[in-house]
Amino acid sequence: MRIALLPPDERPNTRGYAVTIGRCAGVDVLTPPDEAMPSFRTPADTAALAGWLREVAADVDHLVVSLELLAHGGLIPSRNTDDRMADVVARLDALRDLGVPVTAYSVVTRLPTYDNPGRSRQEPAYWATHGERLGTLSRLWDEASLGEAEPDAVAAARAQVPDGYVRDMVKRRNRNHVVNLAALDLAADGVFDTLVISSDDTAPRGLPAAERRLLGQWADRLGVPVLMYPGADEVPSVLVARVAAEAAGVRPRVAVVCPEVAGLDRIAPYEDRPVRVGLANQIRAVGGVQVSEPDEADLVLVVHPPAAAPGDWVSNPPDLAAGSPPGPVADEVERLLAAGRPVALADVHYANGGDPRLVELLDSRGLLGRLAAYGGWNTAGNTIGTTLAAGVSARLCDAPAAAAERRRFLARKIVEDGHYLPVVRRRIQDEARERGLLDPPLDELPAVHERITRDLGTWAGGVDALAAWTVSGARLPWGYTFTVDFDLIPASGAVTHP
């Protein structure tokens, strides 16, 4: 099977992960040429992308399309470009009459609630000084519409932000919201086999939550089935697995196991609903069905649930001593593996990185390398979706090449999510801050790349589950520490690229 994919951007954890999941599932995933793709804040050539879709449509079995890439030129450009509403909506017409099934996905644009002065800023320039105040205004606007805040509170928050900043922010959100409404229109016309509208870095209250509710209402009125849940970066991987499963005539059966059952009722950072609800939606999105008993499942997803005291490895480093002990999670993994069940582990205990205690404990028991999949990156939705996609791929293809790709992807996620994100990245950020440098320290990038490669390689050398791999060539694709890429060299000496 061949799938043509428009990812939301050029990153290894959007474009690269999706291509890898395709290999794990035994399908070929084609992506646009580099010259048509975006580069961080620089938008893609949307006309070239539309032309590429028309060219490949005759040679593939399915199209999986990011509407952010096609309409705005990428996920980050969707927050920054000044394109007119009429222009971006018109670009979606390229999806009509392609003669091949189309699965589309878009996001409810995020609205960060903090000031972001760094050179890696992903929002308009005024977010450097007014991000927190815009976040407060967004929340109060939504709360007031629901009768949860007083008009005086809204007026006071509104007075804290210059009119030009408010107007610009609202115009951008209005434009992006209309693109999502246009997606519903295309779905109602039968253009899409499946439509996903996910919420990027959201919260229970705010303009993103209000927009999501409105989109849900319009979808219900149109009678259009839409998958809506928190997430963004993982969606291309999830939908590649979904399309592969549909083509194979398979509905993977997934059982969810969590030793701290009440933990699934918590709302993870950057999300707007309990993890239990997000899990159910992600299982549906990957084309699976949730079952209650592990013995009935093709895959058991063990969840290390959100901590009672939330932590974020980027902005609010957790106190590991205060978190739930990882022992019960490791015990569940061991019990299920002993029973012969395929086990994937979604570590959503903290945001923006896995729980290093759990990784260490699993490896000491000889369990880490026996997992079908592992994830612990960014948001809970990012982690759950990617881990599910990798985990169910074994049900779709058991060829030796696919199995080898799954082992490589497991090793990559252990290195990246289990050590780089919670340990190495945090260490570099702290050192840069002490020296008065912003993230990224662009003038020292070569040294930073060497430092990351050395640190990851040294750590991986002490992990039994990674004995067959060596880390090489670490780099920061967007020039800041949030996103990393690297090569894994297997024992044979051949480089396997992400």
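Good morning, colleagues. Please keep in mind throughout that the structure is a predicted model.

I begin with the chain as a whole. The protein chain contains 16 helices and 13 strands. Its radius of gyration is 22 Å, close to the 23 Å that the globule rule gives for 498 residues, so the chain is as compact as a globular protein of that length. Along the principal axes, the C-alpha atoms fill a box of roughly 60 × 55 × 45 Å. Of the 498 residues, 60% are buried. The accessible surface of the chain comes to about 18800 Å², and carbon and sulfur atoms hold 51% of that surface. As for contacts with a sequence separation of 6 or more, 76% of them join residues 24 or more positions apart.

I turn now to the sheet. In what order do its six strands lie? The order is β2-β1-β3-β4-β5-β6, in an open sheet with parallel pairing. The strands at the edges are β2, residues 28-30, and β6, residues 227-230; each has a single partner strand, so one side of each is left without a neighbour in the sheet. From one strand to the next, the twist averages 20°.

Strand β4, residues 102-108, and strand β5, residues 194-199, pair in the parallel sense over six bridges. Within this pair, Ser106 stands opposite Ile197 of β5.

Two helices lie across this part of the sheet. Helix α8, residues 163-188, lies across β4 and β5 and runs at about 155° to β5. Helix α9, residues 207-222, lies across β4, β5 and β6, and its angle to β4 is about 145°.

Is Thr103 buried or exposed? Its relative accessible area is 0%, which means that Thr103 is buried, the cut-off being under 20%. Which residues surround it, leaving aside neighbours within four places in sequence? Thr103 is in contact with His62, Leu63, Val64, Val65, Asp193, Thr194, Leu239 and Val243. Two of these partners deserve a further word. The side chain of His62 makes a polar contact with the side chain of Thr103, at 2.8 Å. Thr194 is 91 residues from Thr103 in sequence, yet their C-alpha atoms are 4.8 Å apart in space.

Tyr270 is not a glycine, although it has a positive phi, of about 70°. Tyr270 is placed in the loop between β7, residues 253-257, and α11, residues 275-285. Asn378 likewise has a positive phi without being glycine, with a value near 50°. The loop that holds Asn378 runs between β11, residues 373-375, and α14, residues 380-396.

Asn378, at 7% relative accessibility, counts as buried.

Thank you for your attention.

Conventions. Residues numbered from 1 in each chain as written. Predicted model: local features only at pLDDT ≥ 70, side-chain atom pairs only at ≥ 80, totals over all residues. Heavy atoms only, no water. Pairing = 2+ DSSP bridges. Helix = DSSP H or I, 4+ residues; strand = E, 2+ residues; numbered from the N terminus. Axes fitted to C-alpha atoms, helices over the stretch in contact; angles between N-to-C directions. Contact = heavy atoms within 4.5 Å. Buried < 20%, exposed > 50% of the residue type's maximum accessible area, 1.4 Å probe, protein only. Rg over C-alpha atoms; globule rule 2.2 N^0.38 Å. Areas by Shrake-Rupley, 256 points an atom, 1.4 Å probe, with all protein chains shown as cover. Polar contact = N/O pair within 3.5 Å; in protein donor to acceptor, adjacent residues only side chain to side chain.
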